[in-house]
Amino acid sequence: MNQPSNKTPGLATRQSAIRLLDAVCRRGETIDQAMPSATGKLSNPSDKSLAHNIAANVLRWMSALDAMIDSATRNRLADDAKARMALRIALAQVLILETPQHAAIATALPLVHGGPRRLVHGVFSTVMRGVESGDLKLPEFPEIPGETLDRWTSHWGEDVANAASQAWAKPAALDLSFKSADVGGLEGVPLAPKHLRMLPSLPVTELDGFDDGQFWVQDLAASIPARLLGEGKGRTVLDLCAAPGGKTMQLASAGWNVVSVDNNAKRMERFQENLKRTGLQAEEVIADLMQWKPAERADAVLLDAPCSATGIYRRHPDVLHCISSHQIADRAEVQRVLIDRAAPNVKPGGILVYAVCSLEPEEGEDQIEAFLERRDDFSIDPVAASELPEELVPTKEGCVRTLPTTLAEQGHVDGFFVARLIRKS
């Protein structure tokens, strides 16, 4: 039997996209985890980017795409059937990425080699006729997957859940953090000091000032933990779980002596590249925080704890298909251990900043409440509104919580929880 020809223009890219989707939907991997193996045969970076973009949009719009597919089939296709995956990819290209129909189906049919090609072609044609007649169309906003939608509605209310769907409809804007207040000739919207939000037409590596190390990519919410430590004035801070280095660069540019610790050697390679490009200095340590201990206590500790990452779902739509309540509980336990290990490294009178890019209270508010019950030598150092980007306000407890409703009119921010704690003298 003849194998599908890889000479079909764009086929290899779609094969990589289906491998990415298989990794997420069947094995529970993230797209970033699956990218090296799934796109290894693609030599062109633009092809790898397209494979990622196709997979990400399928995941973002999966519920709506599946509803269209199911409307055109007598017997429902299995969720993990190759025919359904191929149809998701073809429809996402036409309806979201505006790929011509003939190109989308030409690269979809070989994906079901040895399978129901006629079925895929027939369903695709039926859906396209429905779209052209106006009987079928994508909803205005994608649907947050069921378990996550239920959790967020319960925790934050329907308005936040609805805002999450709206924020998920399109990729996040590009936020840049700068070494200094000078943003050069770049055009954008400053939402905080040393920050610019852009909708660029160029890759970030081609923007003026990138090669000179004037800025790095960092969501506005992700910049808050380091902002809450203020100017370093030569003091020492431990940046725990530091890679890929955004917070370390913030702290170093604010005059802190930074000791940056991470257990992932591969991510620390990117960290080192960022430091070299920006010309900023930090002591780098590759170590497991479960065993590592500094030589002496620090003036401040910033723990950006590993978490479910549900707060960065706009940039990583796969996370909402991978994370369950059970996994959130597992991560909360790791966070409990890490914050308990981090706390003794703070000098009396020093500051501990705890942060997670999560929309789950178990990893944020609940984590800090439990920590303060265990450690009566720490208390919340309340954040003032004047310390935050405009229009952000602290919680009544003095912490920071960003939600899908935060800065919605300006394009949203990632979901974060940040607490600043002070150790009693």
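Q: Is Cys-322 buried or exposed?
A: In this predicted model, the relative accessible area of Cys-322 comes to 12%. Because buried means under 20% relative accessible area, that value places Cys-322 in the class buried.

Q: Which cysteine holds the closest sulfur to that of Cys-322, and at what distance?
A: A disulfide requires a pair of cysteine sulfur atoms within 2.5 Å, so the separation found for Cys-322 is too far for a bond. The closest cysteine sulfur belongs to Cys-25, at 7.9 Å.

Q: How many disulfides does the model contain?
A: Cys-241, which counts as buried at 17% relative accessibility, has its closest cysteine sulfur in Cys-307, and the 9.9 Å between them is too far for a bond. The sulfur of Cys-322 is likewise too far from that of Cys-25 for a bond. With the cut-off of 2.5 Å between cysteine sulfur atoms, the count of disulfides is zero.

Q: How are the axes of α1 and α2 oriented, parallel, perpendicular, antiparallel or oblique?
A: The axes of helix α1 (residues 11-27) and helix α2 (residues 31-38) come within 9 Å and cross at roughly 140 degrees. Since angles over 145 degrees count as roughly antiparallel and 65 to 115 as roughly perpendicular, the relation of α1 to α2 is oblique.

Q: Is the crossing of α1 and α2 left-handed or right-handed, and which residues make the contact?
A: The crossing of these two helices is right-handed. On the side of α1 the contact involves Ser-16, Arg-19, Leu-20, Ala-23 and Val-24, while α2 contributes Ile-31, Ala-34, Met-35 and Ala-38. By class, the residues in the contact of α1 with α2 are seven nonpolar, one polar and one charged.

Q: What is the phi of His-412?
A: His-412 lies in the loop between β10 (400-402) and β11 (416-423), and its relative accessible area of 11% makes it buried. Most residues other than glycine have a negative phi. For His-412 phi is positive, near 75 degrees.

Key: Residues are numbered from 1 along each chain as its sequence is written. This is a predicted model: local features need pLDDT of at least 70, side-chain atom pairs count only at pLDDT 80 or more; totals for chains, interfaces and linings use all residues. Side-chain values use heavy atoms; hydrogens and water are left out. Axes are lines fitted to C-alpha atoms, for helices over the stretch in contact, and angles run from 0 to 180 degrees between N-to-C directions. Helices (H or I, at least four residues) and strands (E, at least two) are DSSP runs, numbered from the N terminus. Angles under 35 degrees count as roughly parallel, over 145 as roughly antiparallel, 65 to 115 as roughly perpendicular and the rest as oblique. A crossing is left-handed if the near helix is turned anticlockwise from the far one by less than a right angle, and right-handed if clockwise. Contact means heavy atoms within 4.5 Å. Ala, Val, Leu, Ile, Met, Phe, Trp, Tyr, Cys and Pro count as nonpolar, Asp, Glu, Lys and Arg as charged, and the others, Gly among them, as polar. Buried means under 20% relative accessible area, exposed over 50%, partly exposed in between (1.4 Å probe, protein chains only).
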